[in-house]
Structure formats: C-alpha cells, structure tokens
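Here is a short note for a colleague who is meeting this structure for the first time. Please read the points below with the sequence and the model at hand.

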Amino acid sequence: MGELAADKHVKYILAVEKRKDNFESAVLEHLRMNGAYWGLTTLDLLGKLDAVDSNEIIEWILKCQHESGGFAGNVGHDPHILYTLSAIQVLALFDKLNVLDVDKVSTYIAGLQNEDGSFSGDIWGEVDTRFSYIAICGLSILKCLDKINVERAVNYIISCRNVDGGFGCTPGGESHAGQIFCCVAALAITGALHYVDKDLLGWWLCERQVKSGGLNGRPEKLPDVCYSWWVLSSLTMIDRVHWISKEKLIKFILNCQDTENGGISDRPDDAVDIFHTYFGVAGLSLLEYPGVKAVDPAYALPVDVVDRIFFGK
Amino acid sequence: MHGRPRKPLKPVDEAAVAAKAEKLRALQSEFLSNHQNKIYSKEAVELSAKLLEINPELYTAWNYRKLAVQQNLAQCESDPESVNSILDEELKVVENALRQNFKSYGAWHHRKWVLEKGHSSMDKELGLLDKFQAMDARNFHAWNYRRFVAALMKRSDEDELEHTQNMIDKNLSNYSAWHNRSNFLSRNCSVLLSNLMKKAAPGFTSKDEVLTREYELVREALFTDEDDQSGWFYHLWLLDQTVRSEFPLLVSSWPVEGSDISLPAADYLDGCASMNVFHYSSRNFPLVLYFNQSVRGVNSSTVSVSCGFNLNIDLIWKPLSSTDSQSAKVWATHLAIPDAELHSSEAYQVEVKVGFSQGIVSTTGVAYSHPSQISFQLHLQKTPLESGQDSRFGRIQWKDDCFAVYEPGSAEPDLVNLLDNLTIKNEVESTASTWQARIIDDETNIFRDLLDCKIGKLTVARLLTAYNSLRPLDKPVHCKEVLELYSELMKLDPSHYQYYKDNHSLVLLQQVTSSKESLLSRCFHYRDSTLSTNGSPLCLRLNNLAISQLGSFEKLLWVQMLDLSNNELQSIEGLEALQLLSQLCLSNNKFRSFTALESLRYLKSLKVLDISQNEIGSHSIDTTRYLFRSPLSHSVGSCDWNINYLSSETYWEAFFVLKDMGLTQLDVAGNAITSKSFNVFLEKLLPTLKWLDGVEVN
C-alpha cells in the first residue's frame with residue numbers, strides 16, 4: 001500500500017504552477033484561480049505553504065478582479081462566482097483578506113441572489129446549488145453573511161432536497177455527491193443542519209463506498225478520488241463518517257498516487273492533476289492521516305485558517 | 001481531468017504537443033482581445049465557435065457569444081428569418097460543443113438561454129434529449145434539461161412519469177429514472193397524504209394502490225441483480241411512505257398521565273449551598289411534550305396548563321433543537337413552583353391540554369388535530385433541613401457496589417404505574433394501519449426469499465422494524481430476528497459495519513425499553529455509605545451494552561440519574577429530551593469532542609457529569625463541529641464570546657458547552673485534552689463545582 005509521498009506531491013504542485021508548454025494547461029487556463037486554490041490549499045495541508053511567493057500570487061489575484069467586484073478565472077476572462085470564492089479562499093490561506101475591498105466583493109456576491117433565494121453564477125443567470133454554497137461560504141469568510149437573505153437561501157436549498165435525503169443542483173435534480181457537499185456545507189455554515197435527515201442521507205453516502213474501497217458520486221458509477229472529498233466531508237459534517245471503512249478508503253487514495261512524479265489521479269494508474277491531488281490530500285486529512293493538517297469540512301480550508309477567521313484576534 | 005491513462009497509449013511527440021498548446025494559447029489570446037474590445041464581426045464570432053469546439057469549458061466564450069447574439073438581434077430588428085438563423089447558429093455551436101463534452105455546464109446553459117428566446121421546436125429538443133439519453137442514461141445535465149423543456153412545453157406530469165417508466169423498462173439499472181419517478185410521485189403523493197378518501201389527482205388512485213404498484217415495479221429491479229443499488233433507495237422511500245404517520249401526534253410526556261409526584265420543597269440536592277444556587281426541580285419543574293415528528297407552534301395559546309396554585313403566567317415553551325428555533329419533536333417548559341412555606345404538604349391537580357386550539361403544525365404542514373390531555377398530581381413536602389446535610393454532597397461514584405437493585409414500594413414515585421403509561425394512546429393509529437400492515441406483511445414474505453444477500457437481510461430487518469412502528473402500544477415483535485440480521489450484516493459487509501452496529505443498538509434499546517419488567521430490572525438505588533438511600537434518585541443503568549447509538553428517548557423522559565458508561569457512544573443526540581437528568585455518566589465511551597455534548601446545554605438540572613476515559617482531544621477532525629451552536633455555524637452571536645477567557649480560544653468547545661451549567665461534580669480524566677491548565681480553566685468556568693476528577697475544589 002505504501003505511504004503518502006508528500007514531498008513528491010509538493011514538487012508536482014510547484015512544477016504545474018509554472019508549466020505552460022502542455023496542452024492541458026492551455027485548456028485549463030480559464031480556471032487558473034481554482035487551480036491556485038487547489039494547489040495552495042494542498043501545500044498548506046502538507047505544511048509547505050511557505051514554498052511559494054505569496055506576494056506574486058496576490059498581485060495576480062487582484063489583476064483578475066473586475067469593476068463589478070467579482071473575480072475571473074484568469075486575467076482577461078469574465079468574472080464568475082466560482083472564481084470569486086477561490087480568490088477569497090486563497091487570500092484567507094495567506095491571512096491577507098485585508099487586501100480586499102470587502103464591501104465591493106460582498107456586494108458582487110450578494111447581487112447574484114435571486115428572488116427565490118437561489119444564486120446565479122454570474123450575470124448570465126445559470127442557477128445551481130453550487131452557487132448557493134459559494135455565496136454562503138464566501139460571505140461567511142468575509143463576515144458579511146447578513147448581506148443576503150439567508151432564510152430564502154436556505155429555503156431554496158431545501159427545495160432541492162430529494163426523497164433519498166440527498167440534494168441536486170436545482171429542484172428535482174438527482175442527488176449527486178458534489179451537490180450534496182455544497183448543500184450540506186451551506187446548511188452547516190448557516191446553522192441549518194436540522195433540515196438534513198442524517199440517518200437517511202448518511203446511508204446514501206456510506207453506500208458510495210464500493211468494493212475497491214473508493215467512493216463513487218452516485219449509485220452504479222465508478223469510484224473517483226474527488227468523491228473522497230465530496231462524500232467524506234458531507235459524512236463528516238453530519239457525524240456519519242464512521243459508517244464507511246476508513247482504512248479501505250485510505251488505501252484507495254494512496255493507490256491513486258503517482259509516487260514517481262508526484263500528484264494524485266482520479267483512479268489508480270490514470271493521469272494525475274491538481275484537482276485530484278487536492279481532493280486526495282483533503283480526503284486523507286479528514287481520515288486523520290498522519291502528517292496532514294486538519295481540514296475544515298464546510299469551508300474546505302485548513303482548520304487553523306478557519307479558526308483564525310472566527311476566533312482569532 | 002477524468003479517465004485518462006497515466007502512461008499515454010502512444011509515445012508522446014513533445015514538440016507537436018507544445019506547438020498545439022502554443023496555437024491554442026494564441027487563439028485564446030486573440031479571442032480575449034476581441035472580447036475586451038467588443039468586436040463581434042463574423043470572423044471574431046467564428047473564432048469563438050472554433051475555440052468552444054476545442055474547449056467547451058471556456059466560459060467567457062459563451063458569454064461573448066451571448067453579447068454577440070444580443071447585438072445582432074438588435075440590429076436585425078426582429079426580422080423572423082434573421083432571428084431564426086442567428087439562434088439556429090447558436091444551437092449548432094452548442095451541439096458541437098456537447099459532442100466534445102456532453103457534461104459541459106456552459107454548453108447546456110447556453111442552449112437554455114437560446115431557447116428562452118422562444119426558438120426551436122420542442123419536439124426537436126426532446127429528440128435531441130432522447131439521443132443524449134441513449135448515449136448516457138445517467139447524464140444529469142440531460143435530465144435537468146428535460147425538466148426545463150417539459151416545463152416550457154407544459155408537458156403533463158403523467159407524460160413525464162411515462163417517460164421514466166420507459167427508461168426503467170429499457171434498463172432497470174437506472175437510478176436517474178427512479179429518482180425522476182420519485183420526484184413526480186412525491187409531488188402528487190403530498191396531496192394524497194392530506195386526504196386518503198378523496199381522489200387526489202387525475203390518473204392517481206388511492207395511496208395504497210399507488211404504493212402497491214410501485215412496490216411491484218421496483219421489486220423487479222432489486223431481485224434482478226442483488227448488488228445493483230438503483231432500486232434500493234426508491235424502495236426505502238416507498239417503505240417510508242407506507243409507514244409514516246401523516247398526523248402529528250403526542251407520543252409521550254413528562255409527567256406521565258395519572259402520575260403522582262412528590263416534590264421536596266427545600267432545595268434538596270444542594271442544601272449546603274448559599275443563596276444563589278441552582279434551582280432543583282421544586283423551583284423549575286419541567287413539562288416535556290414528545291411528538292412523533294417535528295412540529296412548530298407549541299406555545300401558551302396552543303398548550304394550556306392549569307394548576308391549583310394560580311400560575312397565571314404565559315409559560316414559555318422551547319423547542320429542544322440545537323439549531324432550529326421554531327420547530328422540534330420535543331418541547332419543554334418549566335413551572336416555577338412557589339415556596340413551600342406557604343403551601344406545605346398540599347396536593348395540586350395539574351392539567352395540561354395540548355392542541356385544543358389551532359396552531360400546532362408539523363413541519364410538513366399538517367395541522368395537529370388530535371388534542372390530548374395530561375393530568376397529574378403534585379405533592380409539595382416540606383422537609384426540615386437535617387443537620388449535617390452538607391454531607392449529602394458526597395461525591396457520586398459510578399461503581400457497581402454503589403448500586404442496589406430497586407425494590408418496589410420505596411419512597412419513590414410509583415414507578416411501575418409510570419412505566420405502564422409511558423406511551424400515549426392515540427386512536428387514530430389503529431384505524432389507518434390496516435392497509436399499511438398488509439403491505440409490510442406482503443413485502444416481508446417476498447423478501448424472505450432474498451435473505452442470502454445484503455439487500456435482502458437489510459430490507460427484512462427494516463420491514464420488521466417498520467411493522468413494530470405501526471403498533472406503538474404493543475410490545476415489539478421480531479426484535480431477536482432483527483438483531484440477528486444486523487449482526488449477520490456486520491460480518492457480510494464489513495465496510496459498513498458501523499452502520500449496521502448503530503441500527504443494532506437502536507433496536508436493542510427498543511427492546512430494553514419496551515416493557516416495564518425490562519426497565520425495572522435496570523433500575524437501581526444509588527447507595528453511598530455516608531448517605532441514606534432515602535430520597536436518592538433512581539438510576540437507570542444502561543451500561544455495558546455495547547451500544548453505539550442512542551434512541552427510544554420517548555420512553556425515558558422520567559429518568560433523573562443515568563449510567564451509560566462502558567458503551568461505544570460518540571454522540572448523545574436526542575438526550576436533551578430527558579429534562580429531569582441531574583446525574584449522568586458517559587465514561588468509557590468514544591466521545592471525541594466537547595461539541596458532541598451539545599445536548600447537555602439543554603439539561604438545566606444537570607449537576608453531576610462524568611465524561612472520563614473518552615477520546616476528547618485525540619482527534620484532529622471534529623465530526624460534530626457543525627452540529628453544535630457556535631460562531632462557526634452562525635448560531636451564536638459573537639457577543640456571547642467572552643474575551644476574558646483568553647485561554648478558552650484553545651478550549652472554545654468546552655467553554656460553550658459548560659459555561660451556563662451549574663455542575664457540582666465533573667470527571668474528565670482519561671481524555672487527551674486533560675492537563676493542569678485545562679483543569680484550571682474548568683474551575684474558573686464552573687464556580688459551582690465541588691469535585692473535579694475526584695478531588696475537592698477549593
């Protein structure tokens with residue numbers, strides 16, 4: 001089974017940040033802000049955040065901000081709530097939230113709430129519970145949750161709850177681990193977890209663990225390391241994580257490592273990427289793997305970062 | 001990002017790849033420049049189409065195209081042919097993009113945006129969807145889009161229900177189809193729920209006919225491939241729909257109907273103390289109402305309490321829920337009983353009338369329509385303070401030799417009578433349950449054929465448990481079989497061992513609390529050599545049962561002293577209902593954090609707490625962090641955070657749980673968190689504390 005090749009993963013992340021010559025990085029240029037969040041949070045969880053130049057990164061982040069207050073995935077691209085949260089989260093990692101014009105950013109996010117309590121991703125109006133989570137998480141970090149109508153936001157999330165206990169992206173949408181994470185985390189942050197049937201959803205979630213020990217995202221699908229985060233953090237927030245086999249999942253995640261070149265992939269022997277590297281390490285954190293800092297299951301940031309925001313001086 | 005092999009199948013031509021990447025970068029750069037400069041020429045727009053075909057995730061390009069469309073539509077001034085050709089072009093671009101990646105959020109949203117402009121025939125859209133669903137029946141984008149189109153077209157629910165049936169017929173292993181089916185049915189069933197007799201919606205017959213038909217349909221899926229999960233959750237939902245009680249009902253209460261309660265008038269358990277001490281039951285006598293489901297609207301208008309000593313005050317009823325301020329299954333209030341000096345040795349008849357006026361409603365919107373009345377007697381006894389009463393404050397020790405088996409007929413309230421009346425009789429349950437019991441019975445017989453596999457064992461265990469839930473006044477049957485089934489499942493499916501263990505524990509507790517004989521056999525007097533047993537509360541000992549989850553609280557509202565030591569508990573959720581609890585032992589369990597003790601914040605009578613020998617402080621991940629009222633979940637104001645307790649930043653969980661408690665005895669040894677500084681913190685936080693870890697506090 002082996003161990004976590006932490007040093008290799010750190011090297012991999014630092015290298016990816018610089019690579020421009022492969023096709024993959026060109027195709028993913030538009031979500032570099034997300035990539036920064038995945039890579040840097042992983043570095044922090046492995047205790048190596050100081051390996052990067054925070055000033056350079058912060059400078060780039062601010063270049064991605066628009067007049068509207070929202071952040072784009074990269075310089076020159078349009079603002080969107082997805083990248084706005086990643087920007088906030090990265091600044092939180094560096095304890096540099098003070099570089100933000102908090103009023104401006106929070107107004108951008110709050111402006112995306114619709115009449116029914118849902119949130120659009122940007123001015124073009126796509127609605128999804130992912131955006132509800134993003135708004136609530138982002139505004140909570142900025143201590144501006146009162147800028148939105150929390151009651152309506154919660155009611156919209158509840159309207160996306162299904163009879164299997166899970167949540168979909170819009171009312172009537174099929175339960176999917178990614179959406180479940182977003183809805184459960186949003187309800188956790190707003191103190192509304194009493195709307196979740198923990199035993200019902202807990203069973204649905206724990207049955208994501210398949211024979212190989214990995215987790216899938218919904219019934220009869222293949223296991224994938226990223227569900228080690230979406231499913232595991234949901235189970236953690238509702239105190240049902242003991243309903244899966246932690247040992248088997250740890251084994252699955254470790255088998256998805258590329259121990260030669262660093263990085264973690266979705267499944268054993270697949271190509272690695274930053275996205276799965278982050279979710280694999282974050283999953284290991286939730287499983288209390290030694291040498292990995294504790295991660296907060298709702299904010300998806302290290303616990304010490306979250307505690308600093310809420311309890312710090 | 002998904003499903004690509006680590007070692008590429010063909011050797012990679014590094015130079016070619018680099019060139020391809022460079023070309024893409026150049027195109028993107030040009031596109032961004034067009035976008036910045038608002039250039040919507042034919043060439044510029046074509047460039048965006050080319051980019052989206054390579055990379056449908058380039059969200060800015062979709063935005064750009066919308067801007068181009070808006071400008072072009074404005075220019076052609078609603079000439080229908082031009083409009084059509086513009087929008088047709090967009091639909092074509094979306095189709096091409098979806099061929100590259102039919103999970104692209106941006107592509108699907110763009111199509112919706114175009115369609116909302118009133119273009120494209122719906123039949124064409126459904127045709128496109130059929131094609132996509134044939135390629136991947138689980139693509140949730142396609143299902144979502146289908147819902148969008150169906151709404152636009154105003155297709156009937158029946159037609160869409162038929163579509164799910166068609167998808168299921170093609171392939172039983174289609175969770176998405178089952179989900180969509182449940183979506184339609186649950187919206188119609190909620191109408192059926194409110195009135196069984198009336199024909200609720202066209203095409204739908206009565207609830208039991210609907211359910212019987214659905215059971216037949218999903219049974220095929222379960223029996224065809226016992227490992228395929230597609231039908232499992234649907235079947236569980238059908239079961240829930242079969243047994244769930246539509247009506248909110250009162251299940252149990254404290255005090256129990258017909259009880260006779262003696263209250264010592266003096267401050268009983270803290271006689272040695274000074275003035276401002278905690279109020280024992282004579283000062284704050286709790287009234288607890290336990291419903292079968294979460295309700296709101298319990299207040300002094302909907303619940304009237306009348307008693308001899310003119311308590312003409314508006315009682316404040318509180319829902320016992322950590323985050324919900326409006327509704328809960330359990331509600332409580334406290335009666336402040338006046339000083340015994342004035343009314344010594346008198347008996348008062350108290351009447352609690354629940355739901356005689358409108359206002360109590362379940363969270364599913366069903367009004368409480370079965371009013372109940374609970375009557376009991378209160379005797380206030382003036383007990384002279386004995387000298388040396390201070391020594392009543394000896395330390396409680398939770399050792400076997402400190403407990404003596406309960407003998408009926410002692411000075412305690414009539415326990416046997418109490419235990420006979422624990423569950424409130426509700427007539428409505430007996431009339432409705434015939435068809436429910438029949439369905440459960442039929443299903444159980446059918447699933448006994450599947451007992452050699454996981455889903456068979458689990459389903460039979462659930463069916464037998466469901467059968468018992470239909471008959472709350474009768475002793476539960478089949479407990480032994482259910483416990484055996486869960487034990488077998490623990491061996492058969494070890495990954496989910498703890499799921500089965502938790503369920504096993506719940507059934508075990510149901511069994512233990514199901515009869516008064518069983519409960520009595522676990523009742524003990526606490527005996528300490530320095531104290532008499534006279535008047536010491538009865539202890540219910542549920543220790544050493546290997547239970548990992550708690551339940552059956554509605555049967556335990558009368559408990560004042562509870563021993564849960566030597567079990568496998570990591571949570572006490574639900575214990576907040578036991579408002580009389582004054583002494584609680586949780587030692588030798590698996591509690592990982594103070595946040596797991598949230599329920600204790602509701603136990604205003606708690607004086608003695610033992611949480612020694614647990615795992616508090618040993619875990620880096622706190623699984624009850626968000627099930628706990630704190631600033632993190634925005635359920636506690638930051639003004640409640642007292643900055644004088646500077647060290648409490650490290651102990652914030654303990655701070656929030658313990659700060660308002662009037663504990664006299666606390667044991668925390670044997671947890672990783674314990675240290676000298678932690679004990680100093682505790683002594684500061686709890687001024688009423690007399691004993692900490694067995695040592696007298698100064």
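**Notes on charged and polar side chains**

1. The side chains of A:Ser118 and A:Asp116 are joined by a polar contact of 2.7 Å (a pair of N or O atoms within 3.5 Å; within protein, one must be able to donate a hydrogen and the other to accept it, and residues adjacent in sequence count only if both atoms are side-chain atoms). A:Ser118 sits in the loop between helix 6 (102-110) and helix 7 (129-141) of chain A, helices being DSSP runs of H or I with at least four residues, numbered from the N terminus. With a relative accessible area of 1%, A:Ser118 is buried (buried means under 20%, exposed over 50%, partly exposed in between, with a 1.4 Å probe and protein chains only).

2. This is a predicted model, in which local features need pLDDT of at least 70 and side-chain atom pairs count only at pLDDT 80 or more, while totals for chains, interfaces and linings use all residues. Side-chain values use heavy atoms, without hydrogens and water, residues are numbered from 1 along each chain as its sequence is written, and chains are lettered from A and ligands numbered from 1 in the order in which they are written.

3. Over all chains there are 41 salt bridges (a side-chain nitrogen of Lys or Arg within 4 Å of a carboxyl oxygen of Asp or Glu). The pair A:Asp103 and A:Lys147 has its closest N and O atoms 2.7 Å apart, and it links distant parts of the chain, 44 residues apart.

4. In chain B, B:Arg438 forms a salt bridge with B:Asp442 at 3.9 Å between the closest N and O atoms, and both residues lie in helix 13 (residues 427-447), four residues apart.

Notes
Helices (H or I, at least four residues) and strands (E, at least two) are DSSP runs, numbered from the N terminus.
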